[in-house]
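Here is a short briefing on a structure with more than one topic to cover. Read it with the model open beside you.

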Amino acid sequence: MRVKRFIPLAAFALLALLLFKGLSIDPTALPAARLGQPFPDFSQPELMTEEIIGASALRPRPALVNVWATWCYSCRVEHPYLLTLAEQGVPIYGLNYKDDSEKARQWLAELGDPYRLNIADGDGTVGLDLGVYGAPETYVLGPDGVILHRHVGVLDEAVFERDISQWFTTSARVAQAGSVEGGE
Amino acid sequence: MIPEIGHLALIIAFVFAMGLAVIPMWGAMRGNSAAMNLAPTLALGVLVFVSIAFGMLAISFLNDDFSVAVVAANSNSLLPAIFKFSALWGNHEGSLLLWVLILSGWMAAVSWFSQGLPSVMVARVLSVMGMIAIGFLAFSLLTSNPFERLLPNIPLDGNDLNPLLQDPGLIIHPPLLYMGYVGLSVPFAFAIAALLGGRLDASWARWSRPWTNVAWGFLSLGIMLGSWWAYYELGWGGWWFWDPVENASFMPWLMGTALVHSLAVTEKRGVFRAWTVLLAIFAFSLSLLGTFLVRSGVLTSVHAFASDPERGLFILIFLALVIGGSLLLYALRAPTVASRINYTVVSRESLLMVNNLVFTVSTIIVLLGTLFPLVMDAFSLGKYSVGPPYFNAVFVPLMALVMPFMAIGPLSRWREDSAARWLHELLVPGAAVVVFALAVPLLFGGPFNVWIAMAVLLSGWVVMGVLKDLWRRLGAGSGYGLRWQALTPSFLGMAMAHLGFAAVVMGAVVVTQLNEERDLLMEVGDVELLGGYRFELTGLSRQAGPNYMADQAVFEVTQGDKIIATLVPEKRRYFASGQMMTEAAIDASIWRDLYIALGEPIEAGAWAVRLQFKPMVRWLWLGGAFIGFGALVTVADRRYRRQSARHTATVAEATGLAS
């Protein structure tokens, strides 16, 4: 009978261990296995055109892959800065994660579309392969298609300048801006 | 000078808390009444000095003292004065001070209202609260000093308060929420005191019940306000996100809901004693866990305060001591003898047990969902996020499960009841509800919506239960006139809370099912029809606010020939941070909200606009307010006032004392 009384304590001890472990891991760190690996291949429809695309469609590079969804409200906070980056010529590909494509298209119509293209990942399989923790997340894709960096959470100017801008030199940004076709 | 006075006051408060944690507890162990009687004075000391510290920080904010790091990081000379004040708790350090202030307020309240309780009980309760105060004061002083100065390089101006927080809702949301969070420390302290004293009886339950109701009521109101704020301030009309920080406040609420009901059984029938103690410990533990999750950075959330591992470790150690210590005490001291009081399966006890089971399981579900990413991460199984689909899929059926019992509960009898009697009581109301459930969805037009029918069925059932209970108590139909005195505050509060719950369910289902939204590109003169309303964009302008520049769009909303409203949504750019904010314009009414948010200027003179028609969305917050105020109303009950008199006092004496 007595032993039963210790169950809550034991359960809490496990929880405390977990939380302690949680303190020493950085939730924004990429699992080491993914860094330096190519972007996992996939076969999913593009959000707007609905044609099936794969990882080879993510060109030009270097580029950002931004994980977003309409249910994620930090994505809305982040969105204006993505538009600014796109204007500066940074190629951004969207991974529309566990989302309703119709809503996603409405969102882009409302807020503006910073993405060169969008992977419609309605069931989250690409996200799973990529190890997505939640939205928003942003990955840096190197010139050779390899994942160089991962940022979890809202991308803003400070984060970009500190962690990401190294892969996008100013001249490259300007050059790319020149090569962007005018159409929406 | 002012920040230093504040810092000093905080240190003195810490010393008082040390005294409070040690002296009365020692007195209670030794039976030294002089030491025990010091408890209220020491508690008052903590309150006074924490108030001074709080006041000094408030003065620093109001005077734009940017030499104080917290002020420089969270305020700005252009900020309106009211937001300078509320900026105090828009950050980790200041909100922690608010936490401690409210805790000391609760301590003072306990010592004031418990004058008639045995002094050994009061001494233990206040001592336990003193220990909690030590933890939080040390947390503040050692890792998060709000009075830290930026010397010698004093910034010329502050970074400004996050524009999301520059809102009236955010002035009162955190204090209310903290009233609830921290208030749960009172039943916790009573539970610990009872375990220490080895007296877990009905009087213990009666003493902690009003405190629990008040804390839970504030928590309900705080969560309700948070949801309302998110709805109008985040600019896209959502009202609940299952964000880790929301869950952090929701878990103590769920557990508190179980506790409120379990205490009723323990007070009235003396059963579930060990379980009730455990719930009281859990409810406050979840408050503490919420604090940990929000401030340690183990989970990513947009709400999260700037966090660092040092703070996380501090709270974790504190958590381990408080929760681990109290659960150990529970394991050693909880009553092991099964109570000799019996009840049958068909009884009010069983119905309240269903409530307890459902709400405990719901808490565990939310806890698992919140911690799941952390678990997977800790075992290097990858990074996952469960998201709203998980919570909705599990939580909604659980709530649907509890509602059928909600109607029967208040009507049922303690100890032994019969299903035949329930059937007799509820047959007619039940049949009426079925008719409603079939008819009401037709009123909304469009195809018959099964979900709305379900919501009407369940909510209507709960409402019928309340009405039937009201009818019976009043003795209507008995021929002896109405017995108004039978409507005690406890009954009225319970009825309000149950009706509020039904309203929340109706609002949630209807707005989820019938919400209409449209994203458009609009120019001046454009017209759009939505939900039977005509929206015309009649003008665009630019206005300067105190610390921002706003683009405004003017919409005329009409229905037929009737002018409904002129709505002016804004897009603001805040000077100090450069942050863009969407200020939605809302025409609110009980049956529907019209919600307009501005997106981006797409081309010259044209804006991306989101129009939304949200039926019955107000019911969510109206229901939440009913739940919260209902809980507060119960405290007016006479049998709780009696507790402040001598425990032998008669009713007459108690009434005299209260007047």
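A residue counts as buried if 20 or more other C-beta atoms lie within 10 Å of its own, as exposed if 12 or fewer do, and as partly exposed in between, with C-beta atoms placed from the backbone. By that rule, 37% of the 184 residues of chain A are buried. The model is predicted: local features need pLDDT of at least 70, side-chain atom pairs count only at pLDDT 80 or more, and totals for chains, interfaces and linings use all residues. Residues are numbered from 1 along each chain as its sequence is written, while chains are lettered from A and ligands numbered from 1 in the order in which they are written.

**Chain A: overall make-up**

- Chain A has six helices and seven strands. Helices (H or I, at least four residues) and strands (E, at least two) are DSSP runs, numbered from the N terminus.
- From the N terminus, the elements of chain A follow the order α-β-β-β-α-β-α-β-α-β-β-α-α.
- Two residues are in contact if their C-beta atoms, placed from the backbone, lie within 7 Å. Of the contacts in chain A between residues at least 6 apart in sequence, 74% join residues at least 24 apart.

**Chain A: the sheet**

- Five strands of chain A form an open sheet with mixed pairing, in the order β5-β4-β3-β6-β7. Strands β5 (117-121) and β7 (147-152) of chain A are at the edges with a single partner strand each, so one side of each lacks a neighbour in the sheet. From one strand to the next, the twist averages 20°.
- Two strands pair if DSSP finds at least two bridges between them.
- β3 (residues 63-68) and β6 (residues 137-141) of chain A pair in the antiparallel sense, over five bridges. Ala63(A) stands opposite Leu141(A) of β6(A), and Leu64(A) has Val140(A) as its bridge partner in β6(A).
- β3(A) also pairs with β4 (residues 92-97) of chain A, in the parallel sense and over five bridges. There, Asn66(A) has Gly94(A) as its bridge partner in β4(A).
- Which way do the residues of β3(A) point? Ala63(A), Val65(A) and Val67(A) point one way, Leu64(A), Asn66(A) and Trp68(A) the other, and all are buried. Six of the six residues of β3(A) are buried, so the strand is largely enclosed by the rest of the structure.

**Chain B: helix packing**

- Axes are lines fitted to C-alpha atoms, for helices over the stretch in contact, and angles run from 0 to 180 degrees between N-to-C directions. Angles under 35 degrees count as roughly parallel, over 145 as roughly antiparallel, 65 to 115 as roughly perpendicular and the rest as oblique.
- α15 (residues 387-408) and α17 (residues 450-474) of chain B pack at about 20°, with axes 7 Å apart. That makes α15(B) roughly parallel to α17(B).
- Met403(B) and Ala407(B) are among the residues of α15(B) that meet α17(B), where the partners include Trp461(B) and Gly465(B).
- α14 (residues 348-378) of chain B packs against α15(B) at an angle of about 170°, with axes 10 Å apart. The two helices, α14(B) and α15(B), are therefore roughly antiparallel.
- In that contact, residues of α14(B) including Val358(B) and Ile365(B) meet residues of α15(B) including Phe395(B) and Leu398(B).

**Chain B: Leu514**

- Leu514(B) lies in helix α18 (residues 489-514) of chain B. Leu514(B) is buried, with 20 other C-beta atoms within 10 Å.
- Beyond its neighbours within four places in sequence, Leu514(B) contacts Phe444(B) and Pro615(B).
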